[in-house]
Amino acid sequence: MKILAIETSCDETAIALVEAKGRLPAGRQGLNNPHFKILKNLVASQIKIHRPFGGVVPNLAKREHLKNLPILFKKLQTTRYKIQDTNLIAVTVGPGLEPCLWVGINFVPTLLKILRGRDADRSVGAKKIPVIGASHLEGHLYSNLLSPKISIAFPAVALIISGGHTILLLMRDLTHYKKLGETRDDAVGECFDKVARLLGLPYPGGPEIERLAKYGNPIAINFPRPMINQKNYDFSFSGLKTALFYYLRDNKNVKIKDVAASFQTAAFDTLISKTLRAAKEYKAKSILISGGVAANKTLQRQFKSIVKSQLSNVNFFVPPKKLCTDNAAMIAAAGYINHLRNKNHRLRARGNLTLK
Ligand code: KG4
Ligand code: ZN
């Protein structure tokens with residue numbers, strides 16, 4: 001099945017063409033071997049537009065999506081892949097910025113018209129292409145499936161870490177999961193972005209802090225790890241950001257590379273410690289991480305090494321960098337799985353869509 005997917009929930013305009021295989025076994029106990037081949041994964045980043053404002057400006061983001069979506073689609077049409085035989089369209093309906101989500105959703109009728117060709121206006125003979133409303137969070141969750149030859153053993157513990165979310169899930173199989181915990185205030189990516197601002201670094205803060213932290217001492221400053229010792233699986237990052245604010249106010253001669261490195265240590269300690277505790281408690285066979293913050297190589301290294309030393313028979317999965325940050329290939333994966341399950345979100349932008 002060929003899937004054409006659209007993602008416009010925040011500040012990346014993205015279109016992807018993905019080939020998907022796999023089916024639901026009897027009883028629907030999860031999916032049998034879903035396999036994805038990314039044919040094209042196009043992303044138009046708006047970072048330069050939002051950078052002067054230190055964060056995403058919704059109206060500017062909407063304007064850029066309106067401008068970039070047809071450009072990306074034209075680009076897709078000029079590749080060697082035929083789009084006329086698309087079997088499914090997947091579009092992000094939430095969570096995200098509603099004006100931006102609407103741009104993607106409103107592009108679908110245009111797409112259908114182009115894909116169905118001359119028959120589009122006639123009821124007889126027109127090819128029916130189903131349209132699936134996909135969750136951005138399920139996109140991140142399933143982004144690990146986009147790696148070739150992937151095979152995930154269950155139960156699994158999945159950590160979604162992005163600019164908008166920090167969620168820990170227990171997955172009984174691919175399609176049955178429950179939330180173990182989430183952030184009670186800022187998402188970890190949001191915390192990276194705010195801390196970067198305090199350090200005078202440009203938006204988005206995550207990659208900037210990672211770059212600077214490479215030269216700093218990760219144990220120079222002992223920043224707090226809020227909620228790390230609490231028995232639940234919730235997170236909190238706003239206290240860490242505040243602690244860093246006061247530290248900078250009271251320590252004028254500090255090296256910012258040490259602040260960046262020590263901040264990363266504190267943020268990652270909490271993420272890793274809670275994920276590992278959940279993996280032990282629920283006897284997980286796999287740990288999956290996804291979302292923009294998962295692109296951080298230091299976090300990946302720390303996760304890999306601690307999983308290897310403490311849970312040697314647990315497999316650790318992280319998507320390649322391009323699939324950690326927002327993209328439409330992950331929306332194709334989420335759309336395909338929902339299509340097989342006959343699960344569909346209405347084609348209506350929902351800023352606060354939650355994982356169910
Ligand atoms: O998943 P994503 O692209 O968009 C959302 O769904 O939010 O995540 C963006 C977030 C931003 O907060 C960004 O600073 C963070 O991911 N990020 C990183 C890194 N790359 C992106 N955080 C830490 N280290 C990175 N290398
Ligand atoms: Zn995202």
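Biologist: What spacing do the donors of the zinc ion (ligand 2) follow along the chain?
Modeller: The spacing is H-x3-H-x185-D. Keep in mind that this is a predicted model.

Biologist: Which protein atoms are the donors of that zinc ion?
Modeller: They are NE2 of His136, NE2 of His140 and an OD atom of Asp326. These donors lie 2.0 to 2.1 Å from the zinc ion.

Biologist: And what is the arrangement of the 4 donor atoms around the zinc ion?
Modeller: Tetrahedral, because the angles they subtend run from 97 to 131°. For four tetrahedral donors the ideal angle is 109.5 degrees.

Biologist: How are His136 and His140 placed in helix α4?
Modeller: Helix α4 covers residues 136–142, and the two histidines are 4 residues apart in it, so about one helical turn separates them.

Biologist: Buried or exposed, those two, His136 and His140?
Modeller: Both His136 and His140 are buried.

Biologist: Now the other ligand. How many residues surround ligand 1, and which are the closest?
Modeller: There are 20 residues around ligand 1. The closest are Gly163, Asp193, Glu210, Gly292 and Asn296.

Biologist: What does Glu210 do there in terms of polar atoms?
Modeller: A polar side-chain atom of Glu210 is 2.8 Å from a nitrogen atom of ligand 1. The backbone also takes part: an N or O backbone atom of Gly206 sits 3.0 Å from an oxygen atom of the ligand, and a polar backbone atom of Gly164 is 3.4 Å from an oxygen atom of ligand 1.

Biologist: How much of ligand 1's accessible area does the protein cover?
Modeller: The protein covers 90% of it, out of 550 Å² for ligand 1 on its own.

Biologist: Which elements give two or more residues to that shell?
Modeller: α4, α5 (188–198) and α6 (205–213). Of the elements, α6 gives the most, with 4 residues.

Biologist: Back to α4 for a moment. Where is Ile150?
Modeller: Ile150 is in the loop between α4 and β6, the latter being residues 156–161. Ile150 counts as buried because its relative accessible area is 15%, and the cut-off is under 20%.

Biologist: What about backbone phi at Lys283?
Modeller: Lys283 has a positive phi of about 50°, although it is not a glycine. Lys283 is in the loop between α8 (256–281) and β9 (286–290). With a relative accessible area of 65%, Lys283 is exposed.

Biologist: And what is phi at Asn342?
Modeller: Near 55°, again a positive value in a residue other than glycine. Asn342 lies in the segment after α11 (329–340). Asn342 is exposed, with a relative accessible area of 65%.

Biologist: What about β1 and β4, parallel or antiparallel?
Modeller: Parallel, joined by 4 bridges. On that side, Ile6 has Val91 of β4 as its bridge partner.

Biologist: Why call β1 largely enclosed?
Modeller: Because 6 of its 6 residues are buried. In a regular strand the side chains alternate between the two faces of the sheet. Here both faces are covered: Lys2, Leu4 and Ile6 are buried on one side, and Ile3, Ala5 and Glu7 on the other.

Key. Residues numbered from 1 in each chain as written. Chains lettered and ligands numbered in written order. Predicted model: local features only at pLDDT ≥ 70, side-chain atom pairs only at ≥ 80, totals over all residues. Heavy atoms only, no water. Donors = N, O, S within 2.8 Å, 3.2 Å for Na, K, Ca; no water. Tetrahedral: all angles 85-135°; square planar, octahedral: opposite > 155°, others 65-115°. Buried < 20%, exposed > 50% of the residue type's maximum accessible area, 1.4 Å probe, protein only. Near = heavy atom within 4 Å. Polar contact = N/O pair within 3.5 Å; in protein donor to acceptor, adjacent residues only side chain to side chain. Areas by Shrake-Rupley, 256 points an atom, 1.4 Å probe, with all protein chains shown as cover. Pairing = 2+ DSSP bridges.
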